[in-house]
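Here's a quick briefing on charged side-chain pairs. Have a look at the model first, then we'll go pair by pair.

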Amino acid sequence: MGEPLKIGVLLSGSGTNLQAILDAVRNEGLPVEVVLAVSSRPDAYGIERAQAAGIPTLVMNRELYADPLAADARIAGALREAGAEYVVMAGYMRKVTPVMLDAFPDRVLNLHPALLPSFKGAHAIADAYDAGVKVTGVTVHFANEDYDKGPIVAQRAVEVREGDALEDLEARIHEVEHELYPYVLRLVAEGRVTVGDDRKVRIA
């Protein structure tokens, strides 16, 4: 077994997907090491999860994002210094800039709670629920300069059941997120994920 894939995790909230990754490392032998957790908000609970796991943290705030390019330069520098090979956005509510994308070309992953290209944006679960669709889901894709539009790595469907409240659907979406992200990271760590010249992802 080779060295684990070193990743930096970007988050803005409770950090449940960070926790799912850490649980998969501990319980399922996921060959990943989180070398830095970056929070866009000082009050994000994900910071506490990272610190409890002994992971170094970088805490940003609204003032630092006043210049998005400078903010991403600071984050990218910290990620490189920590040895991160991939950047994993896990509930990160900031759009990454070309500074980050150029620093980690085709190595910035994002998790989106819908089946892209449907229901882009920050309210995807509610938008799908309000639209009355019978199936929505979760997408893991490579971030690019177009919001929620990068090459898709994996998707998993989630049924919208009769009688679901929005909270019910959200809970099932999050369950799938916590399974799909570690699955994709295992593929990446095993060197099985490539992006072709046609900008489509191939999995060996």
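R192 is partly exposed, at 33% relative accessibility (buried is under 20% relative accessible area, exposed is over 50%, and partly exposed lies in between, using a 1.4 Å probe and protein chains only). This is a predicted model, where local features need pLDDT of at least 70 and side-chain atom pairs count only at pLDDT 80 or more, while totals for chains, interfaces and linings use all residues. Residues are numbered from 1 along each chain as its sequence is written, and side-chain values use heavy atoms, with hydrogens and water left out.

**The overall count**
- You'll find 9 salt bridges in the structure, each being a side-chain nitrogen of Lys or Arg within 4 Å of a carboxyl oxygen of Asp or Glu.
- Side chains of opposite charge can pair when their charged atoms come close.

**R192 and E190**
- R192 pairs up with E190 in a salt bridge, with 3.3 Å between the closest N and O atoms.
- E190 is partly exposed too, with a relative accessible area of 43%.

**R202 and D198**
- A salt bridge links R202 to D198, and their closest N and O atoms sit 2.8 Å apart.
- R202 is partly exposed at 42%, and D198 is partly exposed at 40%.

**D23 and R26**
- D23 and R26 make a salt bridge through their side chains, at 2.8 Å from N to O.
- Both belong to helix 1 (residues 16-28), where being 3 residues apart puts about one helical turn between them; helices here are DSSP runs of H or I, at least four residues, numbered from the N terminus.
- D23 is partly exposed at 24%, whereas R26 is exposed at 57%.

Conventions: Helices (H or I, at least four residues) and strands (E, at least two) are DSSP runs, numbered from the N terminus.
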